[in-house]
Amino acid sequence: MKQLPIIILLLATGLTAAAQKPLKRLSQLKDCDLLFHVADAPNRITDVTQGIDNRRIDHVGIFCRAEGKPYVVEAIGRGVVMTPLDSMRREGSFLVGRIRGRIDRKESLRRAMALLGRHYDHLFLPDNDDIYCSELVQLSIVDRRGRLVFATIPMSFHDATGQITPYWRQFYAERGMEVPEGWPGSNPGELSRRPNVKMKFLMSGAR
């Protein structure tokens with residue numbers, strides 16, 4: 001849901017706080033692994049969403065290899081793009097999530113690539129042609145029968161008390177809109193908590 005380029009690459013087993021250098025174990029990444037950015041501090045996304053183990057997850061992208069090189073397909077400020085993995089820089093840490101079950105990796109990546117060039121959806125709406133980060137994942141990943149792996153969920157713009165935060169009230173008011181609370185959508189934190197996503201690796205970001 002935010003313009004957060006990601007770099008991720010791997011640890012060995014389980015989630016651990018120890019950091020590995022980027023690209024150290026690149027061979028362990030698989031096409032369609034989900035790359036989750038974990039922010040160092042709360043922000044307007046993490047204030048209203050919850051990541052796995054209460055981590056502040058505010059962005060997600062899809063790993064792929066193209067012509068032998070590692071990329072992340074992601075929706076960021078300049079739209080849906082392929083970002084070379086070794087050019088990414090971001091504060092915070094990163095989780096690699098692997099989708100459980102039989103997914104069609106080739107078709108999922110084809111669907112993601114078909115969205116390249118779309119504008120970023122700053123309004124996080126389901127009924128336009130623009131795309132935000134977790135929406136890219138939700139619309140792209142399919143199983144062997146071509147069915148979407150991730151169903152939509154009600155959008156969340158409220159904090160732990162159930163109140164829509166002042167930031168989002170003002171954000172939509174300035175655009176003459178109601179907050180789309182409860183509309184069908186997705187967010188990266190919730191995706192990280194799906195039972196069909198298994199977290200594999202944790203590492204710190206490059207500076």
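## Ser-156 and its setting in a predicted model

Leaving aside neighbours within four places in sequence, Ser-156 is in contact with Val-48, Thr-49 and Glu-181 (contact means heavy atoms within 4.5 Å). Ser-156 belongs to the loop between β6 (153-154) and α3 (166-173); helices (H or I, at least four residues) and strands (E, at least two) are DSSP runs numbered from the N terminus. A polar atom of the Ser-156 side chain lies 2.6 Å from the backbone oxygen of Val-48. With a relative accessibility of 14%, Ser-156 counts as buried, a class defined as under 20% relative accessible area, with exposed being over 50% and partly exposed in between (1.4 Å probe, protein chains only).

This is a predicted model, in which local features need pLDDT of at least 70 and side-chain atom pairs count only at pLDDT 80 or more, whereas totals for chains, interfaces and linings use all residues. Residues are numbered from 1 along each chain as its sequence is written, and side-chain values use heavy atoms, with hydrogens and water left out.

**Confidence and overall architecture**

The mean pLDDT (the predictor's confidence in each residue, from 0 to 100) is 87, and 84% of the residues reach 70 or more. Over residues 1-23, however, the pLDDT is below 50, although this stretch has 109 contacts in the model beyond near neighbours in sequence. Where pLDDT is low, the predicted coordinates should not be read in detail.

The protein contains four helices and eight strands, arranged along the sequence as β-β-β-β-β-α-α-β-α-β-α-β. Of its 207 residues, 50% are buried. Among contacts between residues at least 6 apart in sequence, 73% join residues at least 24 apart.

Strand β3 (residues 69-76) is mostly covered, with seven of its eight residues buried. On one side of the pairing scheme, strand β2 (residues 57-66) and β3 are antiparallel over five bridges; two strands pair if DSSP finds at least two bridges between them. Ala-66 stands opposite Lys-69 in β3. The β2-β3 hairpin has two residues between its strands, and Glu-67 in the turn has a positive phi of about 55 degrees. Strand β3 also pairs in the antiparallel sense with strand β4 (residues 79-84), over six bridges, and Val-73 has Met-82 in β4 as its bridge partner. A hairpin through two residues joins β3 to β4.

**Helix α2**

Helix α2 (residues 133-140) is largely enclosed by the rest of the structure, because seven of its eight residues are buried. Those buried residues include Cys-133, Glu-135 and Gln-138. The cover over them includes β1 (34-38), β2, β3, β4, α1 (105-114) and α4 (188-192).

**Salt bridges**

A salt bridge is a side-chain nitrogen of Lys or Arg within 4 Å of a carboxyl oxygen of Asp or Glu. The count comes to five salt bridges, among them the following.

| Salt bridge | N to O distance |
|---|---|
| Glu-107 and Arg-110 | 2.8 Å |
| Arg-175 and Glu-174 | 3.8 Å |
| Arg-194 and Glu-190 | 2.8 Å |

Glu-107 and Arg-110 both lie in helix α1, three residues apart, about one turn of the helix. An α-helix has 3.6 residues a turn, so residues three or four places apart point the same way. Glu-107 is partly exposed at 24% relative accessible area, and Arg-110 is likewise partly exposed at 46%. Arg-175 is partly exposed at 42%, whereas Glu-174 is exposed at 56%. Both Arg-194 and Glu-190 are buried.

How values were computed
A polar contact is a pair of N or O atoms within 3.5 Å; within protein, one must be able to donate a hydrogen and the other to accept it, and residues adjacent in sequence count only if both atoms are side-chain atoms.
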